[in-house]
Amino acid sequence: MEALKEFQSKRFVEVVPFDLAAAYECSLLDRAAINGSKDRKDGVDESWQKIKIDRQIVATAKTKRCGLMVSQDVSVAANCVRVNIDVMNIDDLPLPPPSSRLEPDSVATTNVDKTPSRQVLTSYLTLTPKTI
């Protein structure tokens, strides 16, 4: 429980509920999957519970006007594409210049762009040149 409190206290973390707007967006994702492939799983070879949660995550991000989702999950990425949220794999995130890199045990550098049209969260944890 202490770790959860610490996580929620970070300035770049916003814990939001799965509310009515997100439920509506999620229903649109479900309908698109059924209409697209006549299969509620939309051809994804995952458990139904995982698929539902992935859609809830993306629907919540959409209602919060997220512009970029960083995920290694194929199902999350596919749902982001369906609702016009850019997707990037964590391995594709650019590294900061060597002069601004941190020690491995230090806190990650965070850039948050909260402009009304785009909300992007990216975090970097890198090694100093002496440890590479």
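What does Asp-30 count as, by its relative accessibility?

Modeller: Asp-30 counts as partly exposed, at 26% relative accessibility. The model is predicted: local features need pLDDT of at least 70 and side-chain atom pairs count only at pLDDT 80 or more, while totals for chains, interfaces and linings use all residues. Residues are numbered from 1 along each chain as its sequence is written, and side-chain values use heavy atoms, with hydrogens and water left out.

Asp-30 forms a salt bridge with Arg-55, and the closest N and O atoms are 2.7 Å apart. Here a salt bridge is a side-chain nitrogen of Lys or Arg within 4 Å of a carboxyl oxygen of Asp or Glu. Asp-30 belongs to helix H2 (residues 20–37) and Arg-55 to helix H3, so this bridge ties together parts that are 25 residues apart in sequence. Helices (H or I, at least four residues) and strands (E, at least two) are DSSP runs, numbered from the N terminus. Arg-55 is buried, with a relative accessible area of 2%, whereas Asp-30 is partly exposed. As background, side chains of opposite charge can pair when their charged atoms come close.

Helix H3 holds another such pair. The side chains of Asp-54 and Lys-50 meet in a salt bridge, 2.6 Å from N to O. Asp-54 and Lys-50 are separated by about one helical turn, because they stand 4 residues apart in helix H3. Asp-54 is buried, with a relative accessible area of 6%, and Lys-50 counts as partly exposed at 24% relative accessibility. Salt bridges with shared partners join Lys-50, Asp-54 and Asp-73 into one network.

A search of the whole structure finds 5 salt bridges. Among them is the one between Lys-10 and Glu-6, where the closest N and O atoms are 3.9 Å apart. Lys-10 is partly exposed, with a relative accessible area of 33%.

The charged end of Arg-40 lies over the ring of Trp-48, 4.1 Å from the ring centre. The test asks for NZ of Lys or CZ of Arg within 6 Å of the ring centre and within 35 degrees of the ring normal.

Arg-65 has a positive phi of about 60 degrees although it is not a glycine, and it counts as partly exposed at 47% relative accessibility. Asn-84 has a positive phi too, of about 65 degrees, and is not a glycine either. Asn-84 is in the loop between helix H4 (74–82) and strand E2 (86–88). Its relative accessible area is 70%, which means that Asn-84 is exposed.

Val-81 is in helix H4 and counts as exposed, at 59% relative accessibility. From C-alpha to C-alpha, Val-81 and Met-69 are 9.9 Å apart in space, and they are 12 residues apart in sequence.

On the cysteines, a search of the whole structure finds 0 disulfides, a disulfide being a pair of cysteine sulfur atoms within 2.5 Å. Cys-80 is in no disulfide, and the nearest cysteine sulfur, that of Cys-66, is 6.9 Å away. Cys-80 is buried, with a relative accessible area of 0%. Cys-26 is buried as well, with a relative accessible area of 8%.

Of the 132 residues of the chain, 25% count as buried.

Notes. Buried < 20%, exposed > 50% of the residue type's maximum accessible area, 1.4 Å probe, protein only.
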